[in-house]
Amino acid sequence: MIASLNGIITLIGKSDIVLEVNGVGYLLNVSSKLIASLDIIGSKLLLFTDLQIKDDKIVMYGFASLKDQNIFKLLQTVQGVGPKAALSILSTLNVDEIILAITSGDKAMISRADGIGPKVAARVTTELVEKVFNFNNSISNNLIGKKLPNPTPLSYTHLTLPTT
């Protein structure tokens, strides 16, 4: 499994990008929010990935954070929500908004995403309430999706050696 890719953006489409890593271009489906946040072609980018292998195709999805990747996987546990629908929800709402919509039972907020009707939105809000609670706890306990502090350089004091 490919967990992440760190490379240079060589193409930006409407719903996908090509990220070149060591001479190999990887086509990644990404949210429209991620595309809107990207720098120019030729800039460096680190993405967390989800590789899905089907009978007729292999598709890779890219995410700016582990939180995005984990909510993408969580959304797909609901019947009727595949990768396209999960990416559509992530294109419309950020992770905190998705969690808020699920915990408050706000079907209208979820159904703002393209391709998500009221029935699927209702399933998302009802089926994921407990899972979102556990998801939130695991994030805070494991620091998933948060940047760890930069390591501090080792410090030392200068000693003056006596001269003879």
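Rings of Phe, Tyr and Trp (its six-membered ring) are taken as a pair if their centres lie within 6.5 Å, with planes under 30 degrees apart called stacked, over 60 edge-to-face and the rest tilted. The model here is predicted, so local features need pLDDT of at least 70 and side-chain atom pairs count only at pLDDT 80 or more, while totals for chains, interfaces and linings use all residues. Residues are numbered from 1 along each chain as its sequence is written, and side-chain values use heavy atoms, leaving out hydrogens and water.

Searching the whole structure turns up two aromatic pairs. Y61 and F72 have ring centres 5.1 Å apart and planes at 45 degrees, so this pair is tilted. Y61 sits in strand 5 (residues 58-63) and F72 in helix 2 (residues 66-75), so the pair ties together parts 11 residues apart in sequence; helices (H or I, at least four residues) and strands (E, at least two) are DSSP runs, numbered from the N terminus. The other pair, F63 with F72, is also tilted, at 4.8 Å centre to centre and 50 degrees between the planes. Together, Y61, F63 and F72 make one aromatic cluster. Y61 and F72 are both buried, as is F63, where buried means under 20% relative accessible area, exposed over 50% and partly exposed in between (1.4 Å probe, protein chains only).
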